[in-house]
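Reader: Could you walk me through this structure while I have it open on my screen? I would like to go through the strands and then the helices.

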Amino acid sequence: MRNKLLLGNWKMNKTTTEAKEFAAAASSLLEIASAHHVDIGVAPSFLSLEAVRKALPAAFIVSAQNVNEHDHGAYTGEVSIPMLKDIGIDWAIIGHSERRSYNAETSLACNAKIKALLAAGMTPVYCLGESLETFEKGETKAFVSTQLKEGLKDLTPDEARKVIIAYEPIWAIGTGKSATKEIAEDVIGFIRRTLREHFGPVSEDMRILYGGSVKPNNVREYMECPNIDGALVGGASLNIDSYRELLEGMI
Ligand code: PGA
């Protein structure tokens with residue numbers, strides 16, 4: 001059985017002081033989540049990772065929002081996997097559409113990061129999704145299939161099993177215009193079939209999340225879909241009450 005997963009992506013929000021306040025209030029949610037087989041986590045900025053990690057129980061996931069694939073070297077402004085591991089962080093979001101558009105990250109660049117994370121025993125959350133233009137042209141599946149193929153290139157089935165996929169249509173991120181549950185389930189079902197073609201039966205163990213304007217009032221609809229294993233949530237994960245309501249909607 002695949003545990004459901006609620007992952008809050010805080011993007012460039014919250015000072016370390018604010019992040020610690022959230023963590024102190026969120027800590028008690030772990031018990032409720034575990035009792036219902038839901039994994040929960042947050043992805044703070046690099047600066048707050050250590051403080052949030054220390055403030056939360058080990059089973060509460062704390063993820064980076066990005067990482068560099070090189071262990072060390074002349075990469076000004078970057079953060080490496082050993083740096084994350086040193087402070088107890090073993091998850092990282094890779095290929096978020098904001099990084100793809102503002103930092104020109106390609107699926108092949110994501111592939112290098114995913115491989116480096118897996119080699120270090122960490123969990124990558126690989127984001128993909130199409131633009132409004134691609135959606136309107138009816139080319140979502142072809143687009144997403146290329147992102148999958150490139151991002152997960154050369155992975156063995158055993159490695160692929162450890163990757164979490166997040167389908168986030170760009171037109172739904174931060175817009176309040178979430179994809180309907182029918183659209184989300186259709187694309188995520190397609191993603192699972194594509195994973196099966198590439199990696200075989202391990203596709204049944206892989207968790208695939210939906211992201212894009214998930215709110216407390218719509219999260220349950222997605223969770224009722226057989227292929228949707230959880231949510232990657234931006235805006236609605238920032239406030240502790242809203243985060244709690246998201247969890248309640250998943251149990
Ligand atoms: P949103 O962001 O929930 O604010 O739409 C989702 C995301 O970017 O992961």
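This is a predicted model: local features need pLDDT of at least 70, side-chain atom pairs count only at pLDDT 80 or more; totals for chains, interfaces and linings use all residues.

Reader: What do the strands form, taken together?

Author: They form a closed barrel of eight strands in the order S1-S2-S3-S4-S5-S6-S7-S8, with parallel pairing, and from one strand to the next the twist averages 25 degrees.

Reader: Which strands does helix H10 touch?

Author: Helix H10, residues 181–199, packs on the sheet and touches S5 (123–128), S6 (164–167) and S7 (208–211), and the direction of H10 makes about 150 degrees with that of S7.

Reader: Switching to H1 and H3, at what angle do they pack?

Author: Helix H1 (residues 16–26) and helix H3 (residues 46–55) pack at about 25 degrees, with their axes 9 Å apart. Since angles under 35 degrees count as roughly parallel, H1 and H3 are therefore roughly parallel to each other. The crossing of H1 past H3 is right-handed.

Reader: Which residues meet there?

Author: From H1 these are Thr16, Ala19, Lys20 and Ala23, and they meet Leu47, Ser48, Ala51, Val52 and Ala55 of H3. By type, the residues of this contact of H1 with H3 are six nonpolar, two polar and one charged.

Notes. Residues are numbered from 1 along each chain as its sequence is written. Side-chain values use heavy atoms; hydrogens and water are left out. Axes are lines fitted to C-alpha atoms, for helices over the stretch in contact, and angles run from 0 to 180 degrees between N-to-C directions. Helices (H or I, at least four residues) and strands (E, at least two) are DSSP runs, numbered from the N terminus. Angles under 35 degrees count as roughly parallel, over 145 as roughly antiparallel, 65 to 115 as roughly perpendicular and the rest as oblique. A crossing is left-handed if the near helix is turned anticlockwise from the far one by less than a right angle, and right-handed if clockwise. Contact means heavy atoms within 4.5 Å. Ala, Val, Leu, Ile, Met, Phe, Trp, Tyr, Cys and Pro count as nonpolar, Asp, Glu, Lys and Arg as charged, and the others, Gly among them, as polar. Two strands pair if DSSP finds at least two bridges between them.
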